[in-house]
Amino acid sequence: MSGVTDVYFKGIDHVFHVTKVLVDTKIFGIPITIHWYGAIIAFGFTLAVLFGGRMAYKWKMNLDKMIDVLIWGTIFGIIGARAYYVAFNAQEFSGIGSMVRIWEGGMAIYGGLIGGLIAGAVVCKVRKLNLLNLLDIAGMSFLLGQGIGRWGNYCNQEAFGSNTELPWGMRSELTTNYLFSQQAALAEKGITVNPYAYVHPTFLYESLWCLLGFGVLYLITKRYRKFSGQTILCYGIWYGLGRTVFEGLRTDSLYLWNTSLRVSQVLSMLLVLFCTTLLIVLLRRHKKNPQPIEGVDFFRDDPTPKKQKKQKAQEEAEPPAQQAETPEPQLVTAPEQNPHAITKLPSFEEIVQEQETPGSEPAQGKEEADSNGTDY
């Protein structure tokens with residue numbers, strides 16, 4: 001069968017037939033070719049997105065905002081993965097055209113993570129989505145997608161290591177051809193290889209490590225998560241430790257230009273150191289001052305405690321505003337009567353005239369009616 005590679009494992013009495021192409025056909029006269037590598041990467045990406053979406057639903061995160069993060073994170077993740085590879089392997093490319101042809105290979109996971117995280121942080125800021133909680137979900141999803149996606153390297157027979165005599169050592173025509181072509185370059189880096197011997201299947205090591213880490217991080221998140229951002233720090237420690245070891249075995253590493261330092265290995269060590277230090281500091285802080293985890297779909301718009309303290313100090317330094325005094329209402333009282341004043345009595349003629357006036361009532365009756373409220 002054309003395009004098929006026979007793969008042998010030292011401790012397995014069986015030959016595995018591996019092909020790079022999954023589908024090779026024409027639709028309306030247009031040639032369509034789907035490689036196993038792309039299909040497996042897409043499958044791992046899909047599972048990671050489904051898992052992340054499920055966790056976001058449980059944590060009551062806004063799915064519309066999540067989709068925005070996913071779209072922009074994916075775009076800049078691809079750009080970052082390619083840019084990272086090109087930056088440390090520029091001698092392979094003849095111009096801009098060859099740099100953008102990503103379907104010919106040449107992507108780096110760390111570049112994809114960096115590009116995706118930067119884009120995700122910007123979108124979270126604009127769309128007001130909690131970044132740390134999103135990163136905690138992403139940490140688990142990363143390991144799931146990477147654990148599955150690494151099997152695309154098996155189909156391409158790439159991302160393998162130096163020679164080994166272990167029972168799971170792997171050998172194929174493609175590994176032999178690659179080691180034979182790179183034997184002199186590897187010798188300059190102090191790596192001696194036998195092109196016809198078995199090699200470390202480092203893609204398998206990393207795949208198993210990532211899938212195991214996915215289970216560990218899920219358990220930590222479910223039972224032992226103390227603060228937002230804890231899971232992504234655990235991801236950095238777990239993946240960084242594994243990548244430090246596996247990268248040291250590989251024969252296709254990117255190097256810091258003309259040195260023998262492997263880029264991904266140095267970056268992994270720094271990542272482990274940074275995440276471990278920050279995790280210890282934050283766990284100690286939580287132990288001294290336990291706080292509930294922030295609301296999952298929560299974005300901090302209110303001032304931080306430091307800003308609140310500064311604002312309070314400014315308010316105390318400023319004199320209180322003087323309020324306009326409201327005048328108290330003054331009671332208007334009738335003028336006091338002089339008890340010694342002489343009251344003038346009506347004359348007899350005035351009394352008779354008042355009684356003869358039609359419609360008039362006696363003064364006494366009027367006073368009684370006013371006092372009783374009822375006219376009897």
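Contacts come first. Among contacts in the protein chain with a separation of 6 or more, 73% join residues 24 or more positions apart. One pair of residues shows how sequence distance and spatial distance can part ways. Isoleucine 12 and proline 167 are 155 residues apart in sequence, while their C-alpha atoms are 7.6 Å apart in space. Isoleucine 12 belongs to strand 2, which covers residues 12-19. Its relative accessible area is 44%, so isoleucine 12 is partly exposed. Keep in mind that this is a predicted model.

Now take the whole chain. The protein chain has 13 helices and five strands. It holds 376 residues, and 35% of them count as buried. The chain exposes about 25,200 Å². Carbon and sulfur atoms supply 61% of that area.

Turn next to a pair of strands. Strand 3 (residues 21-27) and strand 4 (residues 30-35) run antiparallel, joined by six bridges. One of the bridged pairs is aspartate 24 with threonine 33 in strand 4. In a regular strand, side chains alternate between the two faces of the sheet. The two strands form a hairpin with two residues between them. There, phenylalanine 28 takes a positive phi near 55°.

Lysine 60 has a positive value, near 60°, and is not a glycine. You will find lysine 60 in the loop between helix 1 (36-58) and helix 2. With a relative accessible area of 70%, lysine 60 is exposed, because the cut-off for exposed is over 50%. Lysine 128 also has a positive phi, about 55°, although it is not a glycine. Its place is in the loop between helix 4 and helix 5. Lysine 128 is partly exposed, at 40% relative accessibility.

Helix 4 runs over residues 109-127 and has 19 residues. From its first C-alpha to its last, the helix reaches 26 Å. That is close to the 27 Å expected at 1.5 Å a residue.

Which residues of helix 4 are buried? They are Tyr110, Gly111, Gly112, Leu113, Gly115, Gly116, Ala119, Gly120, Val123 and Cys124. What covers these buried residues? The cover includes helix 2 (63-87), helix 5 (131-149), helix 9 (230-247) and helix 10 (263-288).

Cysteine 124, from that list, has 1% relative accessibility, which means that it counts as buried. Cysteine 155 is buried too, with a relative accessible area of 11%. How many disulfides does the structure hold? The count is zero.

Charged side chains come next. Side chains of opposite charge can pair when their charged atoms come close. The structure has seven salt bridges. Some of them link up: Arg243, Glu247, Arg250 and Asp252 are joined in a network of salt bridges. Follow this network one step at a time.

Start with arginine 243. Its side chain meets that of glutamate 247 in a salt bridge, 2.8 Å from N to O. Where do these two residues sit along the chain? Both are in helix 9, four residues apart, so about one helical turn separates them. Arginine 243 has a relative accessible area of 7%, so this residue is buried. Glutamate 247 is buried as well, at 2% relative accessibility. The cut-off behind both calls is under 20%.

For arginine 250, the relative accessible area is 10%.

The side chains of arginine 250 and aspartate 252 meet in a salt bridge of 2.9 Å, N to O. Is aspartate 252 buried or partly exposed? Its relative accessible area is 27%, so aspartate 252 is partly exposed.

Note on methods
Residues are numbered from 1 along each chain as its sequence is written. This is a predicted model: local features need pLDDT of at least 70, side-chain atom pairs count only at pLDDT 80 or more; totals for chains, interfaces and linings use all residues. Side-chain values use heavy atoms; hydrogens and water are left out. The expected span of a helix is 1.5 Å times one less than its number of residues. Buried means under 20% relative accessible area, exposed over 50%, partly exposed in between (1.4 Å probe, protein chains only). Contact means heavy atoms within 4.5 Å. A salt bridge is a side-chain nitrogen of Lys or Arg within 4 Å of a carboxyl oxygen of Asp or Glu. Accessible areas come from the Shrake-Rupley method with a 1.4 Å probe; for residues, only the protein chains shown count as cover. Two strands pair if DSSP finds at least two bridges between them. A disulfide is a pair of cysteine sulfur atoms within 2.5 Å.
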